[in-house]
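Please open the structure in your viewer and keep the selection tool at hand. The tour below moves from the chains to a sheet and then to a pair of helices.

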Amino acid sequence: MFETFNFRIILEYMPLYGQCFLATLWLSGLSLFGAIVVGIISCAMRLSHSRILRSIAGVYIESIRSTPLLAQLYFLYFGLPTIGIMLPEWVTGVIALILNSGAYYAEIIRAGIQAIHFGQIEAGIASGLSYFQRMRYIILPQALGNTIRPMLGQAIILVKDSSLLSLISIMELTRAGQLLTSERFMPTEGFLTTAAFYLIIYYMLKAFSGWAEKRLIFQEEH
Amino acid sequence: MISFKNVNKWYGDLHVLNKIDLEVAQGEVVVVCGPSGSGKSTLIRCINRLEAIQKGDLVVDDMNVHDKKTNMTKIRAEIGFIFQSFNLYPHMTALGNVTIAPIRVRKIPKEEAEKLGRETLTRVGLGDRVDNYPAQLSGGQQQRVAIARGLCMRPKIMLFDEPTSALDPEMINEVLDVMRDLAKGGMTMMVVTHEMGFAREVANRVVFMDEGQIIEVAPPNDFFTNPQTDRGKYFLSSILTH
Amino acid sequence: MWSFYFNELMRSLPFFLKGLWMTVAVAGLSLIFGTIIGFFGGIMRAGRNKPARIIVGAWVDLIRGTPFLVQIFIIFFILPGIGIELEAFPAAVVALTNLTASFICEIVASGILAVPKGQREAATASGLSYYEQLRFIVLPQAMRSILPPLVGQYVLLVKDSSIVSAIGVVDITRVGWLTVQRIPEGLMVFGLVGLLYFAVCYPLINLSGYLERRMTVVSTKL
């Protein structure tokens with residue numbers, strides 16, 4: 001198999017891979033942004049004083065965490081049309097990714113906030129800071145330090161999750177591999193090239209994570 | 001019994017043990033003292049190769065400790081080591097802690113080891129605590145279990161790395177009492193400690209170290225009442241004023 | 001119309017239960033093999049042998065850096081090229097075992113490295129060999145920090161198992177996919193799919209949380 005590894009074919013398909021690589025980045029990036037927004041909102045709901053808001057957020061988060069992303073994706077893909085919502089595939093895919101990662105971000109942020117020692121908040125109260133001031137100067141900066149690593153971890157997961165969009169015919173990296181398999185019967189070249197591109201994204205994100213942590217090192221707990 | 005000949009150790013550029021020459025005879029009790037960073041802990045940790053040396057010879061009981069071909073299990077079986085932070089195994093009872101090494105290393109059958117374990121624990125005053133877990137024992141009790149753990153191997157040498165430094169003051173004596181008994185019984189001991197009272201009572205010699213070197217070696221009374229070096233004088237004055 | 005489809009769905013229940021059984025089978029086998037391999041890998045990863053640590057580390061990185069969907073395509077489509085013909089079910093178990101083992105490897109390695117250095121020093125000082133130390137002193141204590149994330153990994157395992165539907169294994173997700181072709185009520189069909197996964201995952205998630213709380217209580221007593 002390896003003796004006949006066909007580099008020519010990969011070169012021929014490289015424009016396609018290039019497009020699909022960008023598609024993966026675009027889909028993941030957009031979903032990441034949406035997921036963080038959804039995560040912050042759900043987390044706020046989860047920690048709020050209102051029982052209704054807490055329950056809604058709770059149900060949302062627990063449902064997402066206890067079911068696979070693929071099932072959620074199919075749920076939206078097959079289910080939305082039946083209630084009259086017709087969307088392009090990629091929009092459905094992005095929504096599924098946003099809702100899925102959003103729940104995990106909500107939990108990450110919650111854990112980051114709850115990891116802050118209560119004594120710090122007490123010190124803030126004692127020196128007369130208001131709720132918003134405490135949030136701004138004490139809680140959120142530390143929460144950022146606590147969560148940067150798990151948040152980047154979830155981002156890596158999100159990029160890998162985007163591969164599932166290939167199963168609803170969206171043109172991204174994994175689909176490129178599927179095409180090389182179905183059009184040219186070359187799954188080896190197809191999927192190994194796909195894997196290589198994903199590894200590039202993975203190592204870039206890991207490097208970023210390392211750099212970001214170094215800059216926030218003063219936030220580290222001893 | 002223990003022989004240091006031109007022993008040198010570096011951590012990167014830091015010369016932590018500098019041309020150490022020292023002989024400890026069988027049955028001797030040697031106290032090692034000195035300011036922080038003087039290398040005294042490193043010194044005794046080299047004896048059972050918890051730390052490596054780069055130059056020189058360290059011979060224990062006629063075996064070269066830092067030779068690659070030496071059977072470390074044999075040497076370590078003859079040396080009991082007591083840590084400042086006790087390092088008891090939290091998931092085993094006191095009896096479990098003291099018997100694991102005799103069973104696995106000396107290959108003593110379990111029943112015999114347990115009998116020995118109970119006797120040794122009684123000897124250190126914890127006969128009624130054999131089935132307790134470390135979390136259920138006070139610091140002083142834990143350190144005594146640690147000493148029993150060392151003794152159960154019937155070692156020729158016992159090494160103590162600041163055994164009472166992590167203890168609350170009221171518990172220091174119970175541990176020192178056990179150590180005094182050991183010394184009186186003829187055990188070869190090297191003790192890194194700040195407890196000068198203990199040193200005066202039981203030590204044959206005091207080794208004073210500073211910055212990786214041995215500065216003075218003298219019998220305790222001589223060292224404490226009449227230190228010969230300036231650094232020795234300075235150290236004693238800073239210790240005794242609090 | 002809706003009630004017609006609902007009845008049709010209820011009549012398909014046996015099919016769904018067969019899918020549930022398949023999910024449990026694939027996940028269960030991968031759980032067992034993955035845990036065994038993962039433990040060995042973790043011990044090597046935390047061990048003294050540097051080449052072993054690097055090789056295992058590289059393997060883990062490859063698996064974490066690529067989507068599981070791509071991995072399973074590689075195993076299913078590419079292995080026949082080097083003479084290993086696999087049917088869908090075995091390929092699925094191999095891929096899932098591989099995935100699980102790599103994550104468990106990291107969990108076990110972290111757990112081992114979290115045991116305080118003093119414990120190993122005390123064991124070394126009393127003459128215990130490397131393997132005796134691992135067996136009697138280090139691993140028992142490491143289990144405390146390994147157990148909660150281990151169970152968490154099992155939850156991920158069940159969810160990731162949904163991806164094997166992409167190579168035709170008839171698990172819960174595939175049953176849903178096949179059913180929705182006949183019964184075009186995406187919400188209902190995949191609602192049921194979700195419910196079945198929920199039934200398996202939710203208890204496991206709670207078990208993991210419970211273990212985490214219990215383990216923390218025990219360590220603070222020390």
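Of the two pairs of chains in contact, which chains share the most contacts? Colour this predicted model by chain, and look at chains A and C, which share the most contacts of the two pairs. Chain A and chain B, by comparison, do not touch, and their nearest C-alpha atoms lie 19 Å apart.

Next, select chain B and find its open sheet, where four strands follow the order β2-β1-β4-β5 with antiparallel pairing. Strands β2 (14-24) and β5 (63-64) of chain B stand at the edges with a single partner strand each, so one side of each is left without a neighbour in the sheet.

Now select residues 2-11 of chain B, strand β1, which runs antiparallel to β2(B) and is joined to it by seven bridges; here B:Ser3 stands opposite B:Glu23 in β2(B). The two strands β1(B) and β2(B) form a hairpin with two residues between them, and B:Gly12 in the turn has a positive phi of about 65°.

Move on to strand β4 (residues 55-60) of chain B, which pairs with β5(B) in the antiparallel sense over two bridges, and show B:Val60, which stands opposite B:Met63 in β5(B).

Finally, select residues 118-126 and 131-161 of chain A, helices α5 and α6, which pack at an angle of about 165° with their axes 10 Å apart. That angle makes α5(A) roughly antiparallel to α6(A), and the crossing is right-handed. Show the side chains where A:Gln120, A:Ile121, A:Gly124 and A:Ile125 in α5(A) meet A:Arg134, A:Ile138, A:Ile139 and A:Gln142 in α6(A); by class, this contact has four nonpolar, three polar and one charged residues.

Key: Residues are numbered from 1 along each chain as its sequence is written. Chains are lettered from A and ligands numbered from 1 in the order in which they are written. This is a predicted model: local features need pLDDT of at least 70, side-chain atom pairs count only at pLDDT 80 or more; totals for chains, interfaces and linings use all residues. Side-chain values use heavy atoms; hydrogens and water are left out. Two strands pair if DSSP finds at least two bridges between them. Contact means heavy atoms within 4.5 Å. Axes are lines fitted to C-alpha atoms, for helices over the stretch in contact, and angles run from 0 to 180 degrees between N-to-C directions. Angles under 35 degrees count as roughly parallel, over 145 as roughly antiparallel, 65 to 115 as roughly perpendicular and the rest as oblique. A crossing is left-handed if the near helix is turned anticlockwise from the far one by less than a right angle, and right-handed if clockwise. Ala, Val, Leu, Ile, Met, Phe, Trp, Tyr, Cys and Pro count as nonpolar, Asp, Glu, Lys and Arg as charged, and the others, Gly among them, as polar.
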